[in-house]
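Let's take a walk through this protein together.

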Amino acid sequence: MDIPAFHLDFMGNRLLIAIIAILHVLINHSLAVGLIPLVVLLERLGYKLQNPDWDELARKIMFFAFIITTSLGAMTGVGIWLSASLANPYSIGSLIRVFYWAWFTEWVVFVTEVVLILIYFLTWRRSNLSKEAKAKHIKIGSSLAIFSWITMAIIVAILGFMMDPGNWMTDRSLLNGVFNPIYLPQLAFRTPVAMLMAGTVALFLTFLFTKKDTTFRTEAIHYVGMWILAWFFPACIGAIWYYTVIPDVMVNNFNVAIGTQAFQDWLDSFKYVGAIAFFSIALTVGYLLFKRGKTSIIPTMLPVLTIFSLLLVFERTREFIRKPYVIGKYMYSNAYRPEEYALLNKEGILKYATYVSTNEVTTENKLEAGKNVFMLACSRCHTSNGINSVMNKFELMYGKGKPLEIESMVGYMKGMHNARNYMPPFPGNTKEMEALAAYIKSLQDYPDPLEGAQENGVSISPTQTTKGGFAK
Ligand code: HEC
């Protein structure tokens, strides 16, 4: 990766993106894409029935969505850009080149969405003053729902592209990028799932915002419950379609993706747990509808917790299974491209890196060079001592507490992509493997945390002159 590397040595860079991005997706799907159409439906129902209870419930649910989406939702949205460009600027750079106009459109749509949500929420009370105003208000809500969905629909194209760029590999146009093999199935999955999630949130909020033992509570829970059940079947179809387009190599990564290596044998049981959890949502909602009348908070809370947990696991899995690539077939997660390997394997990665303190491995600089190699080749996924520590991984393989052996580590690195196909092949040459192995071994005795450029400042390779280009 030819940039001054940002690196978090305890939590790892991946976790930083994961926390921000997953929080964003949960909020976006459940409170924007899915919830706005449901709120508009509730409002319209109140308008048609001329019953202010429905309107009031819709407004309260919207208040909740408004506060969270415009604060945490918006902040985590920007946070994804920030964290992803810190952790892997090369991949973001490539994606921007391919999707420039898609992102531009998304930005315009997003700004419109923000304006619409402000108008929609802030003019709510005034819209109750006349029938015309209400009708107009419902139209604004419907437009907001459409715009929220479009932002998701654009971003999903990019997520699909990162898993499998499809025809774009041979014909590099924006359209081929957007209509990659995974795009439509993933959209067909996420759309009903967003509606389902929103339904579970609305169910819980309906319980909170309505009065005990009233017929209105029963009716409202029934209405929202029907919404959830209506989206259940499309979500199942979407999931199956999506699953069928995931390339086989990625399906093979599933077992580690769901947990970590330690849990890979649980995969089969996890599939059942996941399916049972998903159907338990329908069962709980069915129970609520069947029972009518009195209910406690628990059955209205369970579906939210279940679907949020399932989506969390889903997002982690989706991010993981495309490894070793950050952009399917085009760029590895370490930001090197397969086509660069022939040269780098021969001449080494240090020689072509700009922001390193050594440009080749010598006997004197071995550990320092090894550290640089680690930063370039492994640090996007591993830390030195923290979560997913590389030293720890080798120790687990060769025996905890036993001194590591350089030779066996180098042997492992030569075939690391075969041993574990979610790791890219080693990008540099044998000398660099030896230096890296020596550095990892040294961590056993001196487990100093490895600081990124944000702490350490930037080193410039000795081969670079002040004018740029190579000195030699
Ligand atoms: C694309 C991300 C990625 C890159 C880049 C990467 N690794 Fe890994 N590596 C992983 C993951 C994920 C695991 C498994 C972690 C787990 O779940 O236990 C792993 C596991 C390992 C293991 C243990 C394998 C086993 O069979 O138990 C070793 C050793 C290892 N990595 C070394 C390296 C070295 C050395 C580099 C740099 C040259 C590197 N990795 C680069 C993602 C990566």
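**A walk through the chain**

Start with a loop: N388 sits in the one between α14 (366-377) and α15 (390-398). Those labels are for helices (DSSP runs of H or I, at least four residues), while strands are E runs of at least two, and numbering goes from the N terminus. N388 has a positive phi, near 55°, and is a residue other than glycine. Most residues other than glycine have a negative phi. N388 counts as partly exposed because 16 other C-beta atoms lie within 10 Å; the cut-offs are 20 or more for buried, 12 or fewer for exposed, and partly exposed in between, with C-beta atoms placed from the backbone.

Before going on, two notes on what you're looking at. This is a predicted model, where local features need pLDDT of at least 70, side-chain atom pairs count only at pLDDT 80 or more, and totals for chains, interfaces and linings use all residues. Residues are numbered from 1 along each chain as its sequence is written.

Now zoom out. The protein chain has 19 helices and two strands, and its C-alpha trace spans about 85 × 50 × 40 Å along the principal axes. Buried residues make up 40% of its 472 residues.

How is the chain divided into domains? The assignment gives domain 1 (13-332) and domain 2 (339-456), with bounds that come from an automatic or database domain assignment. Their C-alpha centres lie 39 Å apart. Where they touch, domain 1 brings eleven residues and domain 2 brings eight; a contact here means C-beta atoms, placed from the backbone, within 7 Å. On the domain 1 side, α1 (13-33) and α10 (248-258) are the elements giving two or more residues.

Next, look inside. The largest nonpolar core has 105 residues, and L35, V39, A202 and V373 touch the most other members. Such a core is a set of buried Ala, Val, Leu, Ile, Met, Phe, Trp, Tyr and Cys residues joined through C-beta atoms within 7 Å. Helix α8 (residues 183-209) supplies the largest share, 14 residues. Both domain 1 and domain 2 give residues to this core, so it lies between them. Leaving out residues up to four places away in sequence, V39 touches A58, I61, M62 and G141.

A cis peptide bond, with omega about 15°, joins K323 and P324, and P324 is in the loop between α12 (298-321) and β1 (325-327). Most peptide bonds are trans. K329, in the loop between β1 and β2 (331-332), has a positive phi of about 65° although it is not a glycine.

Key: Contact = placed C-beta atoms within 7 Å.
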